Amino acid sequence: MATFQDTDIRRARDETPGCARLAHFNNAGSALPPQVVTDAVIDYVRDEALNGGYETAAASIGKFAAVYSSIARLLGADADDIAITDSATRSWQAIFYAIPFQAGDKILTCRSEYASNAISYLQIAKKTGALVEVVDDDESGQLDVEDLKRRIDGDVKLIAVTHVPTQGGLVNPAEEIGAVAEAAGIPFLLDACQSAGQLDLDVRRIRCDALSGTGRKYLRGPRGTGFLYVHPRFRARFEPAMLDLHSAVWTSPETYEVDPTAKRYELWERSGALVAGLGAAVDYALSWGLPAIEQRVVALAALLRTELRKLDGVTVHDQGARQCGLVSFSVAGQSTARVKTRLADAGINVSTLSRESAQYDFTGRDLPELVRASVHYYNTEDEVSRLCAVVSGG
């Protein structure tokens, strides 16, 4: 497996204009794009301005097809299994709301679940009488696969899990969850919003029915882009909750036919420029290799955790048998807003997290508000040292 050398890191930084301005540790929010992504978006918009929007889209059909193929390669899927949307949330909702829940149906999820997903569970439970069950964590803090197995019965309609939660470096055991779901014949929806682009994903290995992701985070693509993998077995069982003239064909005054591919979960209107940018971002990630990216990100995050734990008053809150590029911490006697502001004044970007983003986990562990520093392969060891110096100097 190829690994990142010093020359590779310098090249990655040279190809990322933002690296010359600041130390960006908010990659789980929205990463800095490489120049090739920005160029792809601007070039497409310029073509639209010169030639017309419909005309540019028609001339770009081949380029768009290549984006589906690139995302499929990223995930170990077929191009027909891929849909392109405007966000990870839209992708996730296209699957969740396609399932016809009824009273007594169970939705199994993880304690580290993200707010948007949990709100959807609660909405459907309120409307239909479906039940939401939160699977216990094991001793490491990840989803307890044995507890998941104990909860499987004929009423379970969906297993839905966030792969990498927003509030820390935990990586939930997606492959083990997929094995349980497949054996039970229960649909498995994996939210890979924060794992796609930093971890080496393979949907065949994970055995999920659907996987949602975004372009703006670790893939370093533009905001307003998302993608969705959908296994043919799910497409055969569940028609999308909403259709239009792109996802289906109006075959007669009284009939329609739904697209047999994952495009059935798309809508007709979208930004061609952003799709072009997403494709450039995926191809750029593939050019480095996801195993190499994962190795670099995991190692740099481990270094950051080690250095933060040396600081008086700093508590690192990450859990899990396997950890990734997100590092969550708190500083005794300082609000997260103050820590973030001091870092920003030093040219260092981080984000903050509150209980509202992950109620199950924050409540269960009685977590304080958190500072989140999420590393990427273009970050450096010197930037890690700078971040820790600012935190310790507060």
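Biologist: Is Glu266 buried or exposed, and what is its relative accessible area?

Modeller: This is a predicted model, and in it Glu266 is buried, with a relative accessible area of 1%. Its side chain meets that of Arg270 in a salt bridge, at 3.9 Å from N to O. Arg270 counts as partly exposed, at 29% relative accessibility.

Biologist: How should I understand such a pair in general terms?

Modeller: Side chains of opposite charge can pair when their charged atoms come close. In this model the count comes to 26 salt bridges.

Biologist: Which residue forms a salt bridge with Glu133?

Modeller: The partner of Glu133 is Arg151, and their closest N and O atoms are 3.2 Å apart. Glu133 belongs to strand E4 (residues 131-135) and Arg151 to helix H7 (residues 145-151), so this pair ties together parts that are 18 residues apart in sequence. Glu133 is buried, with a relative accessible area of 19%, whereas Arg151 counts as partly exposed at 21%. The cut-off for buried is under 20%.

Biologist: How far apart in sequence are the parts that Glu381 and Arg296 tie together?

Modeller: Glu381 and Arg296 form a salt bridge whose closest N and O atoms are 3.0 Å apart. Because Glu381 lies in helix H15 (residues 381-392) and Arg296 in helix H12 (residues 290-309), the pair ties together parts that are 85 residues apart in sequence. Glu381 counts as partly exposed, at 38% relative accessibility, and Arg296 counts as buried, at 12%.

Biologist: Which residues do salt bridges with shared partners join into one network?

Modeller: The network consists of Lys106, Arg111, Glu133, Asp136, Asp147, Arg150, Arg151 and Asp153. Glu133 and Arg151, the pair discussed above, are among them.

Biologist: What is the nearest side chain of opposite charge to Arg220, and how far away is it?

Modeller: That side chain is Glu15, at 6.8 Å. A salt bridge requires the nitrogen and oxygen atoms to be within 4 Å. Arg220 is buried yet has no salt bridge. Arg220 is found in the loop between strand E7 (210-214) and strand E8 (226-230). Beyond its neighbours within four places in sequence, Arg220 is in contact with residues including Thr16, Pro33, Val37, Tyr284 and His376.

Biologist: Let us turn to strands. Which way do the side chains of strand E6 point?

Modeller: In a regular strand the side chains alternate between the two faces of the sheet. In strand E6 (residues 188-191), Phe188 and Leu190 point one way, while Leu189 and Asp191 point the other way. All of these residues are buried.

Biologist: How many bridges join strand E5 to E6?

Modeller: Four bridges join E6 to strand E5 (residues 156-162), and the two strands run parallel. Within this pairing, Ile159 has Phe188 of E6 as its bridge partner.

Biologist: Which residues form a nonpolar patch on the surface?

Modeller: Tyr54, Leu245 and Trp268 form such a patch, and together they have about 410 Å² of accessible area. Trp268 is placed in the loop between strand E10 (255-258) and helix H11 (272-288). Trp268 is partly exposed, with a relative accessible area of 41%.

Biologist: Finally, what distance separates the C-alpha atoms of Val45 and Gln102?

Modeller: These C-alpha atoms are separated by 45 Å, and the two residues are 57 residues apart along the chain. Val45 is found in helix H2 (residues 35-51) and is partly exposed, with a relative accessible area of 42%.

Technical notes: Residues numbered from 1 in each chain as written. Predicted model: local features only at pLDDT ≥ 70, side-chain atom pairs only at ≥ 80, totals over all residues. Heavy atoms only, no water. Buried < 20%, exposed > 50% of the residue type's maximum accessible area, 1.4 Å probe, protein only. Lys, Arg positive; Asp, Glu negative; His and termini not counted. Contact = heavy atoms within 4.5 Å. Patch = residues over 30% accessible without salt bridge, like charges linked within 9 Å, V, L, I, M, F, W, Y side chains within 5 Å. Areas by Shrake-Rupley, 256 points an atom, 1.4 Å probe, with all protein chains shown as cover. Pairing = 2+ DSSP bridges.
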